[in-house]
Amino acid sequence: METCKEDKLKIRAFTLAEVLITLGVIGVVAAMTLPTVINQYNKIVTVTRLQKSYTVFSQAIKMAEVKYGPAREWPDWNDAEIILDKYIIPELNGAKKYGKVSNERRAMCYDASQKTHNSGTDLASPYIWMNNGWYIDSPFFARATASVRLNDSSCIGLNPTVGTGGQGYYVFIDINGSNSPNVAGEDLFFFIINEKSQLVPLGMEKPYAQISGTNSHGTCNRKAAKGLSPGMYCAARIMSDGWRMKY
């Protein structure tokens with residue numbers, strides 16, 4: 001009877017072949033799912049950083065308005081450096097100001113070590129439009145964009161001479177400064193200070209189909225045609241999607 005009990009307690013060991021097969025299956029599953037997991041994580045990080053920079057800059061504007069009145073009524077909008085120096089930077093802890101850019105190659109928060117797209121050509125620029133390789137000159141080419149680097153290394157640019165035709169003053173948020181990829185809709189996002197002195201995503205007033213489709217200028221869609229400046233409305237799309245990155 002004792003021998004039978006011992007036989008029942010014996011556990012069958014896996015063979016080496018079975019272990020290798022199991023590990024192989026696990027490896028295949030991991031290889032299939034890991035890129036998706038990493039991609040989703042990166043999207044969450046992007047949105048979190050964007051939301052933080054947007055909140056910080058919005059609060060700085062509101063605090064400056066307590067001292068100087070509604071932002072759109074400030075008398076110094078002809079010079080982005082004055083706006084940053086006088087109104088915004090005093091409300092930002094540890095921020096560093098950068099002067100107005102000289103050309104699109106220097107864009108904003110210029111760093112001499114920053115890599116440019118299409119390096120060595122006349123089209124060299126730190127930034128490109130979403131998923132098509134076309135470099136971004138406007139609005140940086142206007143020699144009016146000044147910028148400020150926050151203490152988390154994000155960079156915020158201001159160009160008061162562009163988009164003033166009833167739209168507002170342009171604000172550009174680069175969530176990771178001079179670090180790559182420097183692509184519209186991936187780490188560069190566009191906002192305006194509208195007629196109500198509110199910081200809002202560029203294109204927020206447009207229909208969702210227009211900010212997410214493939215045929216509209218500025219649309220947040222990687223399949224959009226090259227000439228449409230795709231990525232300009234990505235902040236609007238993210239906010240419309242409940243602060244989620246669905247592209």
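Helices (H or I, at least four residues) and strands (E, at least two) are taken here as DSSP runs and are numbered from the N terminus. The structure is a predicted model, in which local features need pLDDT of at least 70 and side-chain atom pairs count only at pLDDT 80 or more, whereas totals for chains, interfaces and linings use all residues. Residues are numbered from 1 along each chain as its sequence is written, and side-chain values use heavy atoms, with hydrogens and water left out.

W243 is placed in the segment after α5, and its phi is near 60 degrees, a positive value in a residue other than glycine. Helix α5 itself, which covers residues 234-240, contains C234. Because its relative accessibility is 0%, C234 counts as buried, a term that stands for under 20% relative accessible area, while exposed stands for over 50% and partly exposed for values in between (1.4 Å probe, protein chains only). When neighbours within four places in sequence are left aside, C234 is in contact with M130, G185, F189, C220 and Y247, where contact means heavy atoms within 4.5 Å. C234 and I211 are separated by 23 residues in sequence, and their C-alpha atoms are 7.4 Å apart in space.

Beyond its neighbours within four places in sequence, N159 is in contact with several residues, including P139, A142, Y169 and F172.

S197, in the loop between β5 and β6 (199-201), has a positive phi of about 65 degrees although it is not a glycine. S197 counts as buried because its relative accessibility is 10%.

In helix α2, which spans residues 16-68, I38 is found, and this residue is partly exposed, with a relative accessible area of 42%.
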